[in-house]
Structure formats: C-alpha cells, structure tokens
Amino acid sequence: MDLRTFDNADDLAVALVAFVAEGIAERIETLGAAAIALSGGRTPTRFFRALSAYDLDWERVTVTLVDERWVPETSERSNAALLRANLMQGRAAAARFVPLYADAPTPEEGMAAVDLAIAELPMPFAAVVLGMGDDGHTASFFPGGDRLADCLDPEGTDVVLPIRAPAAGEPRVTFTLPQILASDRIALHIEGAVKRAVLDAAMAEGDIEEMPIRGVLWSATPPTVFWCP
Ligand SMILES: O=C1O[C@H](COP(=O)(O)O)[C@@H](O)[C@H](O)[C@H]1O
C-alpha cells in the first residue's frame, strides 16, 4: 500500500491537491476534458479550499461526488452544499458541477434524473478521492447496506445505485465500486488516530462486507493513502 504520511492537515492538503491536479492535467492533455469524483463528510473541507485555488484549466473539468445523502442542498447534511461552498469557488468556479441528487422524495424516484446527469461525465474519472468512516465504510458502501453486494459487485454494470443502511442516516446514492476502481487515480484521504486504526484493521484479514473499504484496499488498483495525525 502506498501510504503517504504528513505532519499536519495543511501539508496533506497541498500534496493531495497536487495528486488530483496531475490526474486532471494528464486527462485534459490526452482527451481534452476530465471528470473527478470527491467525497463529502467532515474531512475534506481544507483540501477543497486548497484545490479551488489551484491553477488548472477548470473550464474543462467536471466535478461530481463519490456519494450523496438524499437531502436537498439546503440541508447541512448535503455533500453537494459542502462542495459548492468550499470547492466551487475562486478558480474552480469555472468547473461544472454534477450533483447526485434530484428533487424527488426517494433516490429510486430521482434515479432517472441522476443517471441522465452523470451520462454527461467524461468517464472514467481522472481522479477519485475517497473518505472512510470509522465503521470502515467508504463512498456509501455501509456495512449492512441493503444494496451493498450490488455496489461492491466487481462485474456490476450500474454506475450509481441507491443504498440504505442503519448507520447511513438518510438514503444514499453512490458510485459503484467498479466505477471507482476504473479511475486513473484513486486517493484515500483520512485524518486522525482513529481512522488510522480503522485502516490498519481493514488491511488485516476479514470480510469485505464488514469493512467495505476493503473492496478498494484489496483491489488490483489500491488507493494512494493520504494520512496525517
Ligand atoms: O457520510 C460520509 O462519510 C464518509 C466519511 O466522512 P468523514 O466525515 O468521516 O470524513 C465520506 O467519505 C462520504 O463521502 C460521506 O457521504
């Protein structure tokens, strides 16, 4: 595993920005456009702010989320709201943002609109940045999720799927594992001693559905891990 350790969150953010920006620049160079998928939650705010200031050809970049809680952007739980407030600013305001939420009561009812929106993405992703919960979930691959097996299916052809789980709060929508693993670059961004211990536990033997981050860590294309205390 390529584990990159930093003294503090600022240094980590600078390195993670460079990792993602290189992926974007390479893809723009070869194909003229790039899509990236970023995670929500509490961890990525500093990284988003640093990335928003980076000098890139942002007009050729489409940004989406790895996963979303099925809530409107007025909710403080919205990953899209977090991303708009912290990334889609400054230089990065020139990028296009594709949300994973549509104005419908359930993900199933909104899925056609989400599928239509993501069909525009220049896939595969130039870069994906994953987070990890203290329960070993990544994206919205939660232990006990009702569609977890479908999300993790290496042969699965769905691009995004709805999922519900006891620890997930709201219903979710998530890119599936094959879509994540097809990315040019995959980063796992974690901070703090607790998440480091979870990472160590996930690297040990065990069931993928118990700690779904294993689906990424144990894949043929494991992530580059960015960690600081
Ligand atoms: O719910 C979510 O949690 C994970 C981890 O978030 P953190 O707050 O522990 O950093 C995140 O990666 C995911 O995108 C988000 O929907």
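Let me start with helix 3. What covers the buried residues of helix 3 includes strand 2 (34–38), helix 2 (45–52), strand 3 (61–65) and strand 4 (67–69). Helices here are DSSP runs of H or I with at least four residues, strands are runs of E with at least two, and both are numbered from the N terminus. A residue is buried if 20 or more other C-beta atoms lie within 10 Å of its own, exposed if 12 or fewer, and partly exposed in between, with C-beta atoms placed from the backbone.

A word on the model. It is predicted, so local features need pLDDT of at least 70 and side-chain atom pairs count only at pLDDT 80 or more, while totals for chains, interfaces and linings use all residues. Residue numbers run from 1 along each chain as its sequence is written.

Back to helix 3. Which residues of helix 3 are buried? In this helix, residues 79–86, they are Asn79, Ala80, Leu82 and Leu83. They sit on the same side of helix 3, because they cover an arc of only 160° around the axis. That arc is taken over the directions from the helix axis to the C-beta atoms.

Now helix 2. Its buried residues are Phe47, Phe48, Ala50 and Leu51. Their arc is only 165° around the axis, so they too lie on the same side of helix 2. They pack against helix 1 (9–31), helix 3 and strand 9 (186–191).

Take Ala50, in helix 2. Why is Ala50 called buried? Because 20 other C-beta atoms lie within 10 Å. Leaving aside neighbours within four places in sequence, Ala50 is in contact with Ala13, Val14 and Val17. Contact means that two C-beta atoms, placed from the backbone, lie within 7 Å.

Next, the core. The largest nonpolar core has 66 residues. Such a core is a set of buried Ala, Val, Leu, Ile, Met, Phe, Trp, Tyr and Cys residues joined through C-beta atoms within 7 Å. Ile36, Ala127, Val128 and Leu130 have the most contacts inside it. Look at Leu130. Beyond four places in sequence, its contacts include Ser39, Val66, Ala139, Ile186, Leu188 and Val216.

On to the ligand. Which residues surround the ligand? They are Ser39, Gly40, Gly41, Arg42, Thr43, Val66, Asp67, Asn79, Gly131, Met132, Gly133 and Ser140. A residue counts as near a molecule if its C-beta atom, placed from the backbone, lies within 6 Å of it. By class, this shell has 2 nonpolar, 8 polar and 2 charged residues. Ala, Val, Leu, Ile, Met, Phe, Trp, Tyr, Cys and Pro count as nonpolar, Asp, Glu, Lys and Arg as charged, and the others, Gly among them, as polar. Note Asn79. It is in the ligand shell, and it is one of the buried residues of helix 3.

Now the loops. Ala139 is in the loop between strand 6 and helix 5. Its phi is near 50°, a positive value in a residue other than glycine. Ala139 counts as buried, because it has 31 C-beta neighbours inside 10 Å.

Asp135 is in the loop between strand 6 and helix 5 as well. Is Asp135 buried or partly exposed? It counts as partly exposed, because it has 16 C-beta neighbours inside 10 Å. Not counting residues up to four places away, Asp135 touches Pro143 and Ala167. Asp135 and Val198 are 63 residues apart in sequence and 7.5 Å apart in space, C-alpha to C-alpha.

Asp153 comes in the loop between helix 5 (148–152) and strand 7 (160–163). It is partly exposed, with 16 other C-beta atoms within 10 Å. The C-alpha atoms of Asp153 and Leu177 are separated by 7.2 Å.

One more backbone feature. A cis peptide bond joins Met123 and Pro124, with omega about -5°. Pro124 lies in the loop between helix 4 (107–118) and strand 6 (127–130).

Last, the record. UniProt, in an unreviewed entry, lists residues 8–217 as "domain: Glucosamine/galactosamine-6-phosphate isomerase". Its positions use the numbering here, feature names are shortened, and annotations may be inferred rather than shown by experiment. Over residues 8–217 the chain is 36% helix and 16% strand. The end C-alpha atoms of that stretch are 23 Å apart.
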